[in-house]
Amino acid sequence: MTRSRYSLLTLSLGYFAMGTLSLAVVGLGAPMGASLHVAPARIGYLVTVFALTFALAAPAAPYLLRRCSACRWPPTCP
């Protein structure tokens, strides 16, 4: 496997894991709503806002961060 394909696979799996784990809050909507004294549907709106933000930011991130150094942490942009 070439380096670019390995990098793409790693990035794809990272986005998948982040998206899946971040949406795990869906099952906690009722307990969170009861704890915060709001309807579970209102908690659901938070999940929707997160999902839309993630869907728009995920494809834009590589474009916006293309000039950042891939070899240094924290990345510094010129």
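This briefing covers the fold, confidence, surface and selected residues of one chain.

The model is predicted: local features need pLDDT of at least 70, side-chain atom pairs count only at pLDDT 80 or more, and totals for chains, interfaces and linings use all residues. Residues are numbered from 1 along each chain as its sequence is written, and side-chain values use heavy atoms, with hydrogens and water left out. The chain holds 3 helices and 0 strands, in the order α-α-α along the sequence. Helices (H or I, at least four residues) and strands (E, at least two) are DSSP runs, numbered from the N terminus.

**Confidence**
- Mean pLDDT, the predictor's confidence in each residue on a scale from 0 to 100, is 76 for the chain, and 81% of the residues reach 70 or more.
- Helix H1 (residues 3–22) has the lowest confidence, at a mean of 76, while helix H2 (residues 29–36) has the highest, at 86.

**Burial and surface**
- Buried means under 20% relative accessible area, exposed means over 50%, and partly exposed lies in between (1.4 Å probe, protein chains only).
- Of the chain's 78 residues, 9% count as buried.
- The chain has an accessible surface of about 6,600 Å², with 72% of that belonging to carbon and sulfur atoms; the areas come from the Shrake-Rupley method with a 1.4 Å probe, and for residues only the protein chains shown count as cover.

**Helix H3**
- The 25 residues of H3 should span 36 Å at 1.5 Å a residue, and the 35 Å between its end C-alpha atoms agrees with this; the expected span is 1.5 Å times one less than the number of residues.
- At Ala58, H3 bends by about 35°, and Pro59 follows within four residues; the bend is the angle between axes fitted to the seven residues ending there and the seven starting there.
- Ala58 is also buried, as are Ile43 and Val47 of H3.
- Leu64 lies in H3, which covers residues 40–64, and counts as exposed because its relative accessibility is 62%.
- Tyr63, Leu64 and Leu65 make a nonpolar surface patch of about 370 Å².

**Loop between H2 and H3**
- His37 is in this loop and has a positive phi of about 60°, although it is not a glycine.
- His37 counts as exposed because its relative accessibility is 73%.
- Ala39 is in the loop between H2 and H3; its relative accessibility is 40%, so Ala39 counts as partly exposed.

How values were computed
Patches are made of residues with over 30% relative accessible area and no salt bridge: like charges are joined within 9 Å, nonpolar side chains (Val, Leu, Ile, Met, Phe, Trp, Tyr) within 5 Å. A salt bridge is a side-chain nitrogen of Lys or Arg within 4 Å of a carboxyl oxygen of Asp or Glu.
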